[in-house]
Amino acid sequence: MKKKKTDFAVIIYICLAALLILGIKYFDQIAGVALKLWNVAFPLILGVAVAYVINIIMVRVERIYFPKTKNRFVAASRRGVSIVVSLLLVAGIFSLVARLVLPELGKAFAVIGRNVPIFLEEAAAWLEENNAGNTADMLKNVDWNSVMDKVADVAKSGFTSFVNSTLTAVGAVVGSVVNFFIGLIFGIYILSGKEKLHSQVSRIMHAYMKERTVARIRYIYRTANETFSSFIIGQCTEAVILGTLCTIGMLLFRFPYAPMIGAFIGATALIPIVGAYLGAAVGAFMILTVDPLKALLFIIFIVVLQQLEGNLIYPRVVGSSIGLPGIWVLAAVTVGGGLGGIGGMLLGVPVAATAYKLIRNDVAGRNGRRPDNPQENIRETPQEAQKKVPREAAASVGRREKQKGR
């Protein structure tokens, strides 16, 4: 028996080594196929992500929408009404932020456009006052005909590249819109039948996997689900609090563009740690076009607000919910941003928090003790999850034994 197991393990290792060699040899072809598959499956993956985010709001709406009613029509309409209300809430939040940011942003660019000529005139006057006559002589000796010919050539090539890039951008925008609506529809279908989908997946897992493997997968899923849900709720709450405090403080100190900058900082605060600083940099630049002194005071105000947010708000609202130390939050944001840009920054923290919890609980279980954090949201250690046999699995095993007895 031991010899058969050893031979089987050797065969598996040989197959894995062969697959690794083939993967290295045909890496470009495999990467191309993987990219095509990703592009094809992207709307469906987007739909799953949309369904997951909307589900966080939907389950709370369902608790409010006549939870104890005996009316069949109301009970049957609970899911549909909850989905519509959740979508309207998300759309309303995005439209509110857009209405606050876009008009003020347009005004800020208009101010910049008006101030640029003034700045150029002041720069020219400064050059004249500081003996910039040599510059004027150099300008007189320039062959403007050749310069204009070169400018015309650059303009022709630039116009061609502009047209090509415009067509490419329009195609990308249209493709993104189509993918978004396909993903949205797919996400709505998932939400409308999530119980049935969960039952089907559970039956498939119990049919093809061992109970220990099923318990392990459920434990990992439960850990990831609790971490991601806590992170999304906490991050959104923290962004709303920070944006509100920033707007109120700017109104009290009479800074310009208070609603726009407050909403923008709140939106960028969804990116952990670095997001609010990006919003503050844009806000400081907007205020700089109006009053440089107020821009300096705004930077001081943001630094104080960031200290308040980093030491008081974020640890209580987000940090405690995901259970990830600050150093690993920064590392997750850095690595996630390098790999996937803004999306990587958003996903890096919950992914790192999930891995951190799994490893910590596994180490605690191997050492024969509970996790260090007594308020851990995880209800079971990996060892407990493996020992626990779900009722559905037990029932399916009983049905199989009865069928064999017949």
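Start by selecting Thr354, which sits in helix H11 (residues 326-366); helices (H or I, at least four residues) and strands (E, at least two) are DSSP runs, numbered from the N terminus. Thr354 is buried, at a relative accessible area of 8%. Here buried means under 20% relative accessible area, exposed means over 50%, and partly exposed is in between, using a 1.4 Å probe and protein chains only. Which residues does Thr354 touch, leaving aside neighbours within four places in sequence? Show Thr223, Ala224, Thr227 and Phe228; contact means heavy atoms within 4.5 Å.

Before you go on, a word about what you have open. This is a predicted model, where local features need pLDDT of at least 70 and side-chain atom pairs count only at pLDDT 80 or more, while totals for chains, interfaces and linings use all residues. Residues are numbered from 1 along each chain as its sequence is written, and side-chain values use heavy atoms, with hydrogens and water left out.

Stay in H11 and click on Lys357. Is this lysine, Lys357, buried or exposed? Lys357 is buried, with a relative accessible area of 1%.

**The H2/H7 crossing**

Next, colour helix H2 (residues 27-64) and helix H7 (residues 211-252). They pack at an angle of about 80 degrees, with axes 11 Å apart. Axes are lines fitted to C-alpha atoms, for helices over the stretch in contact, and angles run from 0 to 180 degrees between N-to-C directions. H2 and H7 are therefore roughly perpendicular to each other; angles of 65 to 115 degrees get that label, with under 35 counting as roughly parallel, over 145 as roughly antiparallel and the rest as oblique.

To see the contact itself, show Tyr52, Val53, Ile56 and Arg60 on H2, then Ala224, Asn225, Phe228, Ser229, Ile232 and Ile233 on H7. By class, the contact has seven nonpolar, two polar and one charged residues. For that tally, Ala, Val, Leu, Ile, Met, Phe, Trp, Tyr, Cys and Pro are nonpolar, Asp, Glu, Lys and Arg are charged, and the others, Gly among them, are polar. Ala224 and Phe228 of this contact also turned up on the list for Thr354.

Go to the loop between H2 and helix H3 (72-129) and pick Phe66. Phe66 is not a glycine, yet has a positive phi of about 45 degrees. At 52% relative accessibility, Phe66 counts as exposed.

Now move to the loop between helix H6 (194-208) and H7 for Met209. Met209 is partly exposed, at 35% relative accessible area. Beyond neighbours within four places in sequence, its contacts are Val214 and Ile217.

Tyr257 is buried, with a relative accessible area of 13%.

**H8 and the cores**

Walk on to helix H8 (residues 258-268), which is mostly covered, with eight of its eleven residues buried. Among the buried ones are Met260, Ile261, Ala263 and Ile265. Centre on Ile265 and show what it touches, not counting residues up to four places away in sequence: Leu242, Cys246, Ala276, Gly279, Ala280, Phe298 and Ile302.

How many residues does the largest nonpolar core have? It has 21, and those with the most contacts inside it are Met250, Ile261, Ile265, Phe298, Phe301 and Ile302. Such a core is a set of buried Ala, Val, Leu, Ile, Met, Phe, Trp, Tyr and Cys residues joined through side-chain atoms within 4.5 Å. H7, H8, helix H9 (275-288) and helix H10 (292-322) are the elements giving two or more residues to this core. Apart from it lies another core, of nine residues, including Val329, Ala332, Val333 and Ala353.

**Zooming out**

Finally, switch to cartoon and take in the whole chain: 13 helices and zero strands. Of its 406 residues, 29% count as buried. Among contacts between residues at least 6 apart in sequence, 70% join residues at least 24 apart.
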